[in-house]
Amino acid sequence: MANIALVIAGGSGNRMHQDIPKQFLTVNERPVIVYTLEVFEKHPEIDAIAVVCIEGWGQVLWAYARQFNITKLQYVIAGGKNGQDSIRNGVYELEKYFLPDDLVLVHDAIRPMVSAEIISDNIRVARKYGNAITVIPCAEAMIQTEDGIVSAGSYPREYLKRTQTPQAFRIGEICDLHRRALEAGITNSVASCTLKIEMGEQVYFSVGSEKNIKLTTVEDIEIFKALLTAKKSDWLKEN
């Protein structure tokens, strides 16, 4: 059975306040999306890569793939008006070329620090249970608010997980989910995992990392640059 990485690069990155979409910003002479693609390129269990790309950047993406030797890139697909649209465009296109039981790993282009270990565990869990959502524990105290100004309530953090990507599904099942969601009038779910939950279905967890950050703000770019040069101290023990 095949494993296909579906990299979502359809967003314009308004929160970054830059003229270039954040997935194409250059960090240390390399575009962000190339860092992301290279991890999937090098992973032995990934058979093909598809990218859902923002309008006008498809040819740039193909040029980057040639320049940086991303040989597994096979499909560049037009993005939609929101994340759910873009993912639906991607999985519908892959459905034409792959079997229903093949896995698609939906991943944010702006999570360039995804590791081989995260990808491997995502595949392992999805093969076992049918889907896998990359998560990390919630370490902070969680408080509730209705107006964004004041809080008088909290939520137990042991009942919460922070979701990341990749999020893996069987292609036949995720396509069917999107069709049923449209029939139900769900058109702007924030992620594949939330769409599945909104449709009354369970999701299963695979292991993420605090390093697997999503580049949303300028501060995130600075953190990413620091992570690229960070090395673990010899005296630190493994978990």
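Predicted model: local features only at pLDDT ≥ 70, side-chain atom pairs only at ≥ 80, totals over all residues.
Residues are numbered from 1 along each chain as its sequence is written, and side-chain values use heavy atoms, with hydrogens and water left out.

Reader: Is Asn3 buried or exposed, and with which side chain does the side chain of Asn3 make a polar contact?
Author: Asn3 belongs to strand β1 (residues 3–9), strands being DSSP runs of E with at least two residues. Asn3 counts as buried because its relative accessibility is 6%, where buried means under 20% relative accessible area, exposed over 50% and partly exposed in between, with a 1.4 Å probe and protein chains only. For a polar contact, a pair of N or O atoms must lie within 3.5 Å, one able to donate a hydrogen and the other to accept it, and residues adjacent in sequence count only if both atoms are side-chain atoms. At 2.7 Å, the side chain of Asn3 has such a partner in the side chain of Arg127.

Reader: In which sense do β1 and β6 pair, and which residue in β6 is the bridge partner of Ile4?
Author: Strand β6 (residues 103–108) is joined to β1 by 6 bridges in the parallel sense, whereas β6 and β10 pair in the antiparallel sense over 4 bridges.

Reader: Which residues of α7 are buried, and what covers them?
Author: Helix α7 (residues 218–229), a DSSP run of H or I with at least four residues, has buried residues at Asp220, Ile221, Phe224 and Leu227. Seen down the axis, these fall within an arc of 120°, so they line one face of the helix, the arc being that of the directions from the helix axis to the C-beta atoms. On the other side of α7, Glu219 and Thr229 are exposed. By contact, meaning heavy atoms within 4.5 Å, the cover of the buried residues includes β2 (26–27) and α1 (32–42).

Notes:
Pairing = 2+ DSSP bridges.
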